[in-house]
Amino acid sequence: MNMDTLILNLHACIGLIIAMRVWFVSKTPDHTFRHNLLAYSIGLVAITIPMRIWYGEYSDVDIPEMMMNMLILIILVGIKGNITRLFK
């Protein structure tokens with residue numbers, strides 16, 4: 001396994017964890033339709049990364065994009081996946 005494959009798999013894992021975090025972890029009663037739509041959209045965009053990697057459509061990782069996704073993951077872990085905490 002070379003470094004490119006390792007970075008590609010790391011990027012796929014980050015996208016998968018982001019999607020799982022916003023879709024399955026936080027279901028609080030203070031979510032409005034707008035917050036639900038935002039959480040669904042974030043998860044949908046994030047899940048396209050591992051899907052494109054698994055289907056071979058994504059072969060070269062852009063390091064700044066991966067860093068941005070890591071930042072989004074750190075923020076989501078910090079707010080425990082609850083999108084409504086972004087607006088409070």
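So, I75: at 40% relative accessibility, this residue counts as partly exposed, because that label covers everything between buried, under 20% relative accessible area, and exposed, over 50%, with a 1.4 Å probe and protein chains only. I75 sits in helix α3, residues 63–78. By helix I mean a DSSP run of H or I with at least four residues, strands being E runs of at least two, and both are numbered from the N terminus.

Before I go on, the ground rules. This is a predicted model, where local features need pLDDT of at least 70 and side-chain atom pairs count only at pLDDT 80 or more, while totals for chains, interfaces and linings use all residues. Residues are numbered from 1 along each chain as its sequence is written, and side-chain values use heavy atoms, with hydrogens and water left out.

Back to I75. Together with L71, L86 and F87, I75 forms a nonpolar patch on the surface, with about 380 Å² of accessible area in total. The patch rule takes residues with over 30% relative accessible area and no salt bridge; nonpolar side chains (Val, Leu, Ile, Met, Phe, Trp, Tyr) are joined within 5 Å, like charges within 9 Å. A salt bridge here is a side-chain nitrogen of Lys or Arg within 4 Å of a carboxyl oxygen of Asp or Glu. Areas are Shrake-Rupley with a 1.4 Å probe, and for residues only the protein chains shown count as cover.

Okay, zooming out. The protein chain has 3 helices and 0 strands, and its C-alpha trace spans about 45 × 20 × 20 Å along the principal axes. Of its 88 residues, 33% count as buried. The accessible surface comes to about 5900 Å², and 69% of that belongs to carbon and sulfur atoms. If you like contact order, residues 24 or more positions apart account for 81% of the contacts with a separation of 6 or more, a contact being heavy atoms within 4.5 Å.

Now the inside. Which residues have the most contacts inside the largest nonpolar core? They are I18, I53 and L76, in a core of 18 residues. A core, for us, is a set of buried Ala, Val, Leu, Ile, Met, Phe, Trp, Tyr and Cys residues joined through side-chain atoms within 4.5 Å. The elements giving two or more residues to this core are α1, α2 (33–54) and α3, and α1 supplies the largest share, 6 residues.

Take L76: beyond its neighbours within four places in sequence, L76 is in contact with I18, R21, V22, G81 and I83. G81 lies in the segment after α3 and is buried at 1% relative accessible area.

Last one, H11, in helix α1, residues 3–25. Is H11 buried or exposed? Buried, with a relative accessible area of 0%. The H11 side chain makes a polar contact with the side chain of Y58 at 3.5 Å. That term means a pair of N or O atoms within 3.5 Å; within protein, one must be able to donate a hydrogen and the other to accept it, and residues adjacent in sequence count only if both atoms are side-chain atoms. Outside four places in sequence, H11 touches I49, I53, Y58, V61, E65, M66 and N69.
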